[in-house]
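Visitor: I am new to this structure and would like a close look at a single part of it. Please pick a pair of neighbouring elements and take me through it.

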Amino acid sequence: MDFLQFLTPMYLFLIFSGTLVGIIFGAIPGMTATMAVAVCLPLTYSLGLDNGLALLLGLYVGGISGGLVPAILLGIPGTPSSITTCFDGYPMAQRGEGEKALRIGIISSLVGGLISLAALFLFAPALAEFAIKFSYVEKFLIILFALTVMAALSDNMLLGIFSGFLGIFVSLIGVYDVTEGGNGQYRLIPPGTEYWLEGGFSLLPVLIGLFGLATILEGAEAGMPKGQSLKDIKVGEHSRFRWSVFKGQVVNLVRSSSIGTFVGILPGVGGSAASILSYTAAKTASKDPDSFGKGNPAGIIASESGNNGLTGGALVPLLSLGIPGDSTTALLIGAFTLQGIQVGPLFIGNNPGTWDSMIVAMLLANLVMFGLMYFAIRWLAMVVAVPKHILFPVILMMCVIGAYTINYGIMFDVWTLLIFGIVGWLAPKLKLEIAPFIIGFILGPAAEIYFVKSLESFGTLSIFFTKSWIALLLWALIIGSVVGSAMLARRKAQGQGAAA
Amino acid sequence: MADLFQVTVDFDRSHLIFPRLIGIILLLLGAAIAVSHRQAILNSGRMWAQTFGAMDKPRFIGTLILTVIYFLLMVPVGDLWPNTGLGFLICSIPFVALISILYMHERDARSLLPALIVAVVGPALVWWLFTYVFALTLP
């Protein structure tokens, strides 16, 4: 009954409010779970780690789940991870089964979230225990593997790898940290900017800029499209939801949740990949694949259990290896940084209370998400219609205050926010990938320490190949991910050429 | 053969090893991208022309200009009342109001009133929360 110690009124309030705000962010097209976590991260400063994580995990679960609302009612994915929910949810809403489709999506989200939570609970401690044995060599190769997997799954592998290394390069700006064994010398700092860039760019303003301000700039560029008016949103009052719709769908639920969890464990792969893979698998396994895309409930079940399956899975590499599973969990590193705690193989063993608290928070966030969404469907439909001209200016102000307060009031951090907001707006136009960039930026300083200290200790580059069988296995995985991705890209290009 | 991989790390210059290595990798990747995406790079002028042609310039450029002015004014205004956070509050109210108006599609009283109420209440609430509850200094 140790977990009861976490259940303070404040802890419960933060999970509830985090999940609620997350659902609202997810339900408004153009706003994402990542944005919700980025904007609310500064609030955790005064909350302590356990309470802060309770808020952020609520935002994460709520944000991923909320995306199904506009996907079903408007045919617009609220978050990238709910893109496949549109395929069958929207046709159902069109024929007056909106409420039924929403309830199917909500239940599937709950199942996906709970299965992935079980995977997190079972696998993360085991992986961490194994990773404790890693030396700097294996730790460096794990980071390299994370970057190559992420890049390999990008739209363009070359640009994905470039983005990851660019993130590492930007993270190296500033002093070579003495506390980590560096020599305290400056590098990559333009003359005259030493005062501001001594410590490099702070992580949180960079993240808030890339995920908060950049989204607002994209909205402004597109003319801040008008939201839907309430009268255009049809929930479908006459469509009764019955549990029998899940008859024969248990395999689909478990398969899709497992795919989502597995995709979450792969570093840097987003929720959209989880839902697309789950949806494709469900369609392939179906006896009636032609009905997919025309309002088949199995499509919603696959998509929503898949994307919520990501939530627990993405925390596995974060809490066992210190490598974020996706962009949103990358932001959670910010919460740990704020509290002076380093995530990695030692985290669970050294912080059993925080680990238990996170598991309880994830469980409660999933249950709160289900309760809020299942029983307040009509209110949710109204959230979709909240005007952006009211929300976005307030979010912009929250981004500014977050960047300013993160380091006790440094105005340069606010300018960092603007710089990386513009970078985040430019990146898709230049085909750069934000997820590998962020992972590179977060893991760059650690990669440097592991690399340089390995060379200092062993005096030979061959140590990265000969240190242990784990090093060899990691090289095999790195090469396999790059070669596999290149072959897939080539096959895709040939397929397109043949189609043309 | 083993000598080929031998490396001696000079601690005083060890801060340059990794940045140089990453820099070289970026140059090589950049060259590979330049070769493999040469057509897209050559056509980038057209892409940018389309981007700027389709852009809602008043809203996009207006956002950038208002944001820069907001950042520039916050500290000088705050210095008039040090350690009170009033620089943030005084600058945020017109900033939120102007951005709201900029993003509106119909600027009638029915749209303006809620936006202006949010522009006053939002910053005031955040200022109170951070100054008195979280005890964090704002500009």
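Guide: This is a predicted model. The part to look at is in chain B, where the axes of helix 4 (residues 57–80) and helix 5 (residues 86–103) come within 8 Å and cross at roughly 170°. Angles over 145 degrees count as roughly antiparallel, and helix 4 of chain B and helix 5 of chain B are therefore roughly antiparallel to each other. On the side of helix 4 of chain B, the residues making the contact include Arg59(B), Gly62(B), Leu66(B), Tyr70(B), Leu73(B) and Gly78(B). Helix 5 of chain B contributes, among others, Leu86(B), Phe88(B), Cys91(B), Phe95(B), Ile99(B) and Tyr103(B). By class, the residues of this contact are 15 nonpolar, four polar and one charged.

As for the setting, chain B is divided into domain 1 (2–51) and domain 2 (56–133). The centres of these two domains of chain B, taken over C-alpha atoms, are 41 Å apart.

Chain B also touches chain A: 52 residues of chain B are in contact with 51 residues of chain A. Helix 4 and helix 5 of chain B each supply at least two residues of the side that touches chain A, as do helix 1 (17–36) and helix 6 (109–133) of chain B. Helix 1 of chain B gives the most to that side, with 12 residues. The side of chain B that touches chain A has 34 nonpolar, 15 polar and three charged residues.

How values were computed:
Residues numbered from 1 in each chain as written. Chains lettered and ligands numbered in written order. Predicted model: local features only at pLDDT ≥ 70, side-chain atom pairs only at ≥ 80, totals over all residues. Axes fitted to C-alpha atoms, helices over the stretch in contact; angles between N-to-C directions. Helix = DSSP H or I, 4+ residues; strand = E, 2+ residues; numbered from the N terminus. Parallel < 35°, antiparallel > 145°, perpendicular 65-115°, else oblique. Contact = placed C-beta atoms within 7 Å. Nonpolar A, V, L, I, M, F, W, Y, C, P; charged D, E, K, R; others polar. Domains from an automatic or database assignment.
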